[in-house]
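Please look through the briefing below with the sequence and the model side by side. The points are grouped by topic.

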Protein chains: 2
Amino acid sequence: MGVEERRQQLIGVALDLFSRRSPDEVSIDEIATAAGISRPLVYHYFPGKLSLYEAALKRASEDLAARFAEPHEGPLGARLLRVMCRYFDFVDEHGPGFAALMRGGPAVSADGIGTKAHVSTTNALIDSVRQAAYEQILAHLGVLDASPRLELVVRSWISLAESTALLWLDGRRVPRAELELQLVHDFAALVAVSAAYDADMATLLKQMVKDEPADGTFAELVGRLIALAP
Amino acid sequence: MGVEERRQQLIGVALDLFSRRSPDEVSIDEIATAAGISRPLVYHYFPGKLSLYEAALKRASEDLAARFAEPHEGPLGARLLRVMCRYFDFVDEHGPGFAALMRGGPAVSADGIGTKAHVSTTNALIDSVRQAAYEQILAHLGVLDASPRLELVVRSWISLAESTALLWLDGRRVPRAELELQLVHDFAALVAVSAAYDADMATLLKQMVKDEPADGTFAELVGRLIALAP
């Protein structure tokens, strides 16, 4: 194997291990065994577990960001639902690693100690994924320059999606399909709450729902909410 | 001053400095100067900046948790709004320190390097505040044993409140009073979305709004949303 090929193989093996258990619990020896090479050879390609972890995290970030890509066709509710489904696929595949990362743990405790530079790298990767998600949503809304209120709604919804996924991972006591739909509805609900007090957000909300079909996910939510009213 | 009195004074001085600038930028020398004592004397009471930071964080956590306490009287919307107002007071008072903490930065980079034990301490303090918020909300809802769906709604809303506060700190481009009200409405909206698909949550929603006055915050939101409908 060439150098780059070997590096890519090691990243894949490490990402797989870091995804299945908390990265703290994964040793370089284990990665070497899984890759079928010696421990010194792993160190030949990566100076330590931290750099291998960063490389694996970078690959996972790119993978996740790619899953946000969704054609700009058809009802918005259905588009968001497909994205949420792929998001939960990702969370499902990388469960323990995702949870540890979001809790700020492995970033620091891989090898027992984390440097400031490493934390910056980790935060920058997480931010790049959040930024990709943010830009995708704005593109689907047809907005080039978001107002402070819209930016706040979209970014805080992204964090709601993260915390919902993390809570789901902890016991999986609610079916994930239900949460994927719930998050799509939460997005509409947060936009609606902001629209109730702001004219620009109200215009956006109207545009958001105007192409929704009568049997679409947003229409169903509204119907169900009306049915709940006394 | 007695030992405990001096420790408490140093914690107060440090918390004040850690709140006004990112904790990374605050030196032990500065804390010593602000406290009117020598640098070696600071080290006599606290082995290093990390331990002083932890003590300051503990005091801030207790302060924040105490602000969630709210008498169980009157409409729920008004109670939540008072809590959100005190929450934003706290965020306002401790802005840079709050932002740095939530980004996982200072926990690690105080002194350049953070230990695994320190990260655990920091995470445990953050978790204790979230848990206090969670229990307060359940108490206001009159729920002793939350279902997985209710737990998810309440805990994910708490994280929504955190991210909204962090986004607000970054430029303060939306008036905080608007966001305090928005978060109260977001809570009702997230409960409503969950209630649309779950009978137990629907029962809870009905109970939540049954004592709300016709001119209360929830009624106003519903009125405004109905006015938006085409």
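What percentage of the 230 residues in chain A is made up of buried residues? Buried residues, meaning those under 20% relative accessible area with a 1.4 Å probe and protein chains only (exposed is over 50%, and partly exposed lies in between), make up 52% of chain A. This is a predicted model, in which local features need pLDDT of at least 70 and side-chain atom pairs count only at pLDDT 80 or more, while totals for chains, interfaces and linings use all residues. Residues are numbered from 1 along each chain as its sequence is written, chains are lettered from A and ligands numbered from 1 in the order in which they are written, and side-chain values use heavy atoms, with hydrogens and water left out.

**Chain A as a whole**
- Chain A holds twelve helices and one strand, where helices (H or I, at least four residues) and strands (E, at least two) are DSSP runs numbered from the N terminus.
- Along the sequence of chain A the pattern reads α-α-α-α-α-α-α-β-α-α-α-α-α, and its C-alpha trace spans about 65 × 35 × 30 Å along the principal axes.
- Of the contacts (heavy atoms within 4.5 Å) in chain A with a separation of 6 or more, 66% are between residues 24 or more positions apart.

**A:Ser194**
- A:Ser194 is placed in helix 10 (residues 176–195) of chain A, and A:Ser194 counts as buried because its relative accessibility is 3%.
- Leaving aside residues up to four places away in sequence, A:Ser194 touches A:Arg149, A:Val153 and A:Met201, together with B:Gln182 from chain B.

**Arg172 in chains A and B**
- A:Arg172, in the loop between helix 9 (148–169) and helix 10 of chain A, has a positive phi near 45 degrees although it is a residue other than glycine.
- B:Arg172 lies in the loop between helix 9 (148–169) and helix 10 of chain B, and its phi is also positive, at about 50 degrees.
- A:Arg172 counts as partly exposed because its relative accessibility is 40%, and B:Arg172 counts as partly exposed at 39%.

**Second largest pocket**
- The second largest pocket has a volume of about 1400 Å³, and of the 37 residues that line it, A:Val222, A:Leu225, B:Val222, B:Leu225 and B:Ile226 are the closest to its centre.
- Helix 10, helix 11 (199–210) and helix 12 (217–228) of chain A, and helix 10 (176–195), helix 11 (199–210) and helix 12 (217–228) of chain B, each supply at least two residues of this lining.
- On a 1 Å grid over the protein atoms alone, a pocket is an open set of points where a 1.4 Å probe fits, with protein on both sides within 12 Å along at least five of seven lines, and lining residues have an atom within 4 Å of a point; the volume is the space filled by probe spheres set on the points, which are joined across faces, edges and corners.
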